[in-house]
There are 2 protein chains.
Amino acid sequence: MRLSELSKKSGVSTATIKYYLREGLLPPGERISTNQADYHTDHLHRLRLVRALIHVGRIPVARAREVLASMDEDKPGTEDRVGAAIEALPYEPVNGSDGDAFVVRAQGTVAALLAQEGWAAGARSSGNHPAYQMLVDAVATLDRLGYPCDVPHLTPYAARAAELAVHDLNVIQDLDSPEERVEAAVALTVLYEPLLLALRRLAGVEECRRRYNSA
Amino acid sequence: MRLSELSKKSGVSTATIKYYLREGLLPPGERISTNQADYHTDHLHRLRLVRALIHVGRIPVARAREVLASMDEDKPGTEDRVGAAIEALPYEPVNGSDGDAFVVRAQGTVAALLAQEGWAAGARSSGNHPAYQMLVDAVATLDRLGYPCDVPHLTPYAARAAELAVHDLNVIQDLDSPEERVEAAVALTVLYEPLLLALRRLAGVEECRRRYNSA
């Protein structure tokens, strides 16, 4: 399809698509003349993922390019890259307090939690990956502010997170190609985040209403 | 306690505390001389909540003031305000596409989901509250990008959110005063958000490893 059709099908303006092409977020189309290129369904899928990362995930363009690169680099045509891509999703750190006592304690808590849950992937990261850093950061912040954040308090969260991960990967299982499954896994990880937070807030409001007859 | 002690106990600099006082995020201390004031444990709790909202929740100062006001305004000394405060937590909207076909469809999906779950609080909001808007926005974005977002796909998320809300309110149940419980409920709603997202990402990495032997 031409650029104009790609724009129509994706709902993304041609100017924005051209920007993504320039920035290397979208692979170039197949040249069919000096100033025309042909785009395929793959471009449409990739464009949806780019929108998810930048628009919903609020991930800067340069970091989005890294996430896409971690998906593309090895073993094309297999799902082996899904986990690496999810792990590479960046986040905005809350505090620049590396190595303070709260961070050290949070690292211990997280290590104990991951061991308890048997999450080899997280343990293997040993502090290098954004998802792991984000967890340590979140625990350290809770601790610093004096809120409960020991392993027993975190366990119900880990259990629900594991159930949702199973659900997400079941959702993408029926997609046609490994490429689509890899892209959908990363996109859904990001796109379901605001959904989950919104539902948890509404569930909190509802639980307050039931307990305190409020709201 | 004096300002310096409040600063030491909270880990927040005196300059930042003064800024919060000026902005009305923190109630004034009790004047004990022309240029000294006395602060109480209540100030320490409120300060922790302000940090949670602004630092972790990345909520602008003006909006944080609104959240605090919604906690304080009615029925002091009871938990009736918790739900209203959680519902009032602001979020950054993803798209300025009010009333387009995806938003209209998302409103229908959300209404059906809330009815199915029996969440009266959410249904009552009928579109006015941030948590409800955030949910509609998230569903419309999934739909616009062509990802699954019908009621059956959202139900597992709603179920886990409800379980976590029960867990959160159990955690705060043991706190001494209604004031503390109200503040902790709002603080934990915000502070556990990055924790939940981090755990879900790590759980995704782990589930990929198990399914695809990756990462």
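Predicted model: local features only at pLDDT ≥ 70, side-chain atom pairs only at ≥ 80, totals over all residues.
What do the rings of B:Tyr19 and B:Tyr20 do together? Their centres are 6.0 Å apart and their planes meet at 45°, so this pair is tilted. If you're wondering why I quote two values, a pair of aromatic rings is described by the distance of the centres and the angle of the planes.

How many aromatic pairs are there over all chains? The count comes to four. One of them is formed by A:Tyr157 and B:Tyr192, again tilted, with 4.9 Å from centre to centre and 35° between the planes. Here A:Tyr157 belongs to helix H9 of chain A, residues 151-172, while B:Tyr192 belongs to helix H10 of chain B, residues 178-212, so the pair joins two chains. Are these two tyrosines buried or exposed? A:Tyr157 is buried, with a relative accessible area of 0%, and B:Tyr192 is buried too, also with 0%.

Let's stay on helix H10 of chain B for a moment, as B:Thr189 has its place there as well. With 7% relative accessibility, B:Thr189 counts as buried. Which residues does B:Thr189 touch, leaving aside those up to four places away in sequence? On chain A they are A:Arg200 and A:Arg201, and on chain B they are B:Ile86 and B:Leu89.

Now for some arginines over rings. The charged end of A:Arg48 sits over the ring of B:Tyr147, 4.7 Å from the ring centre. Going from chain B to chain A, B:Arg48 lies over the face of A:Tyr147, and there the distance to the ring centre is 4.6 Å.

My last stop is a pair of helices in chain A. Helix H3, residues 41-56, and helix H4, residues 61-72, have axes that come within 10 Å and cross at roughly 135°. That angle makes H3(A) oblique to H4(A). As for handedness, H3(A) passes H4(A) in a right-handed crossing. Which residues make the contact? From H3(A) we have A:Arg46, A:Leu49, A:Val50, A:Leu53 and A:Ile54. From H4(A) come A:Val61, A:Ala64, A:Val67, A:Leu68, A:Met71 and A:Asp72.

Note on methods: Residues numbered from 1 in each chain as written. Chains lettered and ligands numbered in written order. Heavy atoms only, no water. Phe/Tyr/Trp six-rings, centres within 6.5 Å; stacked < 30°, edge-to-face > 60°. Helix = DSSP H or I, 4+ residues; strand = E, 2+ residues; numbered from the N terminus. Buried < 20%, exposed > 50% of the residue type's maximum accessible area, 1.4 Å probe, protein only. Lys NZ or Arg CZ within 6 Å of the ring centre and 35° of its normal. Axes fitted to C-alpha atoms, helices over the stretch in contact; angles between N-to-C directions. Parallel < 35°, antiparallel > 145°, perpendicular 65-115°, else oblique. Left-handed = near helix turned anticlockwise from the far one by under 90°. Contact = heavy atoms within 4.5 Å.
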